[in-house]
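Walk me through this structure, from its overall layout down to the side chains that pair up. Please keep it brisk.

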Amino acid sequence: MLYRKATFKDVETMYTLINAYAEQGLMLGRSRNMLYECLRDFVLAEDNGEVVGMGALHLVWDALAEIRAMAIAPHVTKSGIGRSIVQALIEEAKTLEIKTIFTLTYQPGFFIKQGFKELSKDQLPHKVWKECINCTKFPNCDEIALNIEI
């Protein structure tokens, strides 16, 4: 398994995988525009030339980042790829001297297994919500907030 940063050639595959899960209500969808603008945030898992997983570390504020857009191809779920991507993102966060990573998710169990703790969304700084205005769920966010101190 190769873990690497995303490139422009990956956007369509990323878009397809993320939005297939979004159509099932398992995660929020992402636009191509968001993927292009945040391409440098993404770490991908590639197996024999096929992108089989992804996740992004998005910088939010002073020493605060979000893990978002985690998606693993259905045929390789439960194989440790998601865990490896989260660990790669945490290592990247450490090099940037990030102190706290949070996530908003419909899959809290996965993140709890990685050491994240559930918290009230009210505990997150207002800066976190700047992109929510564009979300189809705004203002009725039903994602679960979790964080980890590193």
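A residue counts as buried under 20% relative accessible area, as exposed over 50%, and as partly exposed in between. R32, at 35% relative accessibility, is therefore partly exposed. Keep in mind that this is a predicted model.

Now take the whole chain. The protein chain contains four helices and seven strands. Read along the sequence, their order is β-α-α-β-β-β-α-β-α-β-β. The chain has 150 residues, and 47% of them count as buried. Next come the contacts with a separation of 6 or more. Residues 24 or more positions apart account for 68% of these.

Y3 lies in strand β1, which covers residues 2-5. In sequence, Y3 and A45 are 42 residues apart, yet their C-alpha atoms are 4.6 Å apart in space. Which residues does Y3 contact, once its neighbours within four places in sequence are left aside? They are L44, A45, I81, S84 and I85. Y3 still has some accessible surface: at 32% relative accessibility, Y3 counts as partly exposed.

Turn to the charged side chains. Side chains of opposite charge can pair when their charged atoms come close. How many salt bridges does the structure hold? There are seven.

One of the salt bridges joins R32 and E12, at 2.7 Å from N to O. This pair links distant parts of the chain: R32 belongs to helix α2 (residues 32-37) and E12 to helix α1 (residues 11-23), 20 residues apart. E12 has a relative accessible area of 39%, so E12 is partly exposed. The charged end of R32 sits over the ring of Y15, 3.8 Å from the ring centre.

A second example lies within a single helix. K94 and E91 form a salt bridge at 3.4 Å, N to O. Why are these two separated by about one helical turn? Because K94 and E91 are three residues apart in helix α3 (residues 81-95). K94 is partly exposed at 44% relative accessibility. E91 is partly exposed at 42%.

Salt bridges can also share partners. Here they join R4, K9, D10 and E46 into one network. D10 is buried, at 3% relative accessibility.

Next, look at the aromatic rings. A pair of aromatic rings is described by the distance of the centres and the angle of the planes. The count comes to three aromatic pairs. F110 and F111 make one of them, with centres 5.0 Å apart and 85 degrees between the planes, an edge-to-face pair. F111 and F116 make another. Their ring centres are 5.3 Å apart and their planes are at 75 degrees, so this pair is edge-to-face. Ring pairs link F110, F111 and F116 into a cluster. For F111 the relative accessibility is 3%.

Finally, check the backbone. Most residues other than glycine have a negative phi, and most peptide bonds are trans. Two residues deserve a look here. N48 is not a glycine, yet its phi is positive, at about 50 degrees. N48 is found in the loop between β2 (42-47) and β3 (50-61). With a relative accessible area of 79%, N48 is exposed. A69 is not a glycine either, and its phi is positive, at about 55 degrees. Where is A69 found? A69 is in strand β4, residues 64-72. In contrast to N48, which is exposed, A69 is buried, with a relative accessible area of 5%.

Key
Residues are numbered from 1 along each chain as its sequence is written. This is a predicted model: local features need pLDDT of at least 70, side-chain atom pairs count only at pLDDT 80 or more; totals for chains, interfaces and linings use all residues. Side-chain values use heavy atoms; hydrogens and water are left out. A salt bridge is a side-chain nitrogen of Lys or Arg within 4 Å of a carboxyl oxygen of Asp or Glu. Buried means under 20% relative accessible area, exposed over 50%, partly exposed in between (1.4 Å probe, protein chains only). Contact means heavy atoms within 4.5 Å. Rings of Phe, Tyr and Trp (its six-membered ring) pair if their centres lie within 6.5 Å; planes under 30 degrees apart count as stacked, over 60 as edge-to-face and the rest as tilted. A charge sits over a ring if NZ of Lys or CZ of Arg is within 6 Å of the ring centre and within 35 degrees of the ring normal.
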